[in-house]
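This briefing is meant to be read with the sequence and the 3D view side by side. Please take a moment to look over both before going on.

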Amino acid sequence: LGLGETDEEVIQTMKDLREIDVDVVTFGQYLRPTENHLSVVEYVTPEKFDHFRKVGEEMGFKYVASGPMVRSSYKAGEFYLKHMISKERAEKEKQEETSK
């Protein structure tokens with residue numbers, strides 16, 4: 001975040017992602033890597049990052065990482081693996097109970 005997007009654009013994008021069953025979303029502050037890249041338009045406040053995290057959780061995202069130092073890969077892989085393992089174990093236990 002920080003390239004001039006509006007809150008409405010961010011929230012609409014989140015809605016679009018949920019419509020196609022995306023479960024994990026990350027929000028971080030855009031930082032201009034060099035003078036040849038786009039300038040930062042806004043330094044997003046911690047409160048706004050927290051707002052987007054809450055909105056995402058309310059929309060049903062299973063994991064929302066939202067903060068100024070968050071990057072797109074921020075624990076997403078770790079969360080996904082833990083979630084998939086838990087889901088598999090729960091399904092296996094359910095199958096074992098129904099086959100008794």
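What follows is a description of the chain as a whole, and then of its core, one of its helices and several single residues.

The structure shown is a predicted model. Its secondary structure comes to 3 helices and 2 strands, and, read along the sequence, these elements follow the pattern α-β-α-β-α. The radius of gyration of the chain is 17 Å, well over the 13 Å that the globule rule gives for 100 residues, so the chain is more spread out than a compact globule.

**The chain as a whole**

- Along its principal axes, the C-alpha trace of the chain spans about 65 × 25 × 25 Å.
- Of the 100 residues in the chain, 22% are buried.

**The largest nonpolar core**

- The largest nonpolar core has 11 residues in all, and these are L1, V10, M14, V25, F27, V44, F49, F52, V55, F61 and V64.
- At least two residues of this core come from each of the elements α1 (7-19), β1 (24-27) and α2 (46-59), and α2 gives the most, with 3 residues.
- M14, one of the core residues, touches F27, F52, V55, G56, M59 and F61 when residues up to four places away in sequence are not counted.

- Within α2, the residues F49, F52, V55 and G56 are buried.
- What do the buried residues of α2 pack against? Their partners are α1, β1 and β2.
- Just after α2 comes G60, a residue that takes a positive phi of about 105 degrees.

**S66 in strand β2**

- S66 belongs to strand β2, which covers residues 63-66, and this serine counts as buried because its relative accessibility is 18%, where the cut-off for buried is under 20%.
- The side chain of S66 reaches the backbone oxygen of F49 at a distance of 2.7 Å.
- Leaving aside residues up to four places away in sequence, S66 touches F27, F49, F52 and R53.

**D21 in the loop between α1 and β1**

- D21 lies in the loop between α1 and β1, and it has a positive phi of about 65 degrees although it is not a glycine.
- Is D21 buried or exposed? With a relative accessibility of 58%, D21 counts as exposed.

- Apart from residues up to four places away in sequence, G28 touches L1, F49, G67, P68, V70 and R71.
- G28 and V44 are 16 residues apart along the chain, and their C-alpha atoms are separated by 8.9 Å.
- Q29 has its place in the loop between β1 and α2, and Q29 counts as buried because its relative accessibility is 6%.
- The residues that Q29 touches, not counting those up to four places away in sequence, are L1, G2, V40, E42, Y43, V44, F49, G67, P68, V70 and R71.
- V44 also has its place in the loop between β1 and α2, and at 8% relative accessibility V44 counts as buried.
- V44 touches L1, G2, Q29 and F49, again not counting residues up to four places away in sequence.
- The C-alpha atoms of V44 and I11, which are 33 residues apart along the chain, are separated by 15 Å.

Technical notes. Residues are numbered from 1 along each chain as its sequence is written. This is a predicted model: local features need pLDDT of at least 70, side-chain atom pairs count only at pLDDT 80 or more; totals for chains, interfaces and linings use all residues. Side-chain values use heavy atoms; hydrogens and water are left out. A nonpolar core is a set of buried Ala, Val, Leu, Ile, Met, Phe, Trp, Tyr and Cys residues joined through side-chain atoms within 4.5 Å. Buried means under 20% relative accessible area, exposed over 50%, partly exposed in between (1.4 Å probe, protein chains only). Helices (H or I, at least four residues) and strands (E, at least two) are DSSP runs, numbered from the N terminus. Contact means heavy atoms within 4.5 Å. A polar contact is a pair of N or O atoms within 3.5 Å; within protein, one must be able to donate a hydrogen and the other to accept it, and residues adjacent in sequence count only if both atoms are side-chain atoms. The radius of gyration is taken over C-alpha atoms; the globule rule is 2.2 Å times the number of residues to the power 0.38.
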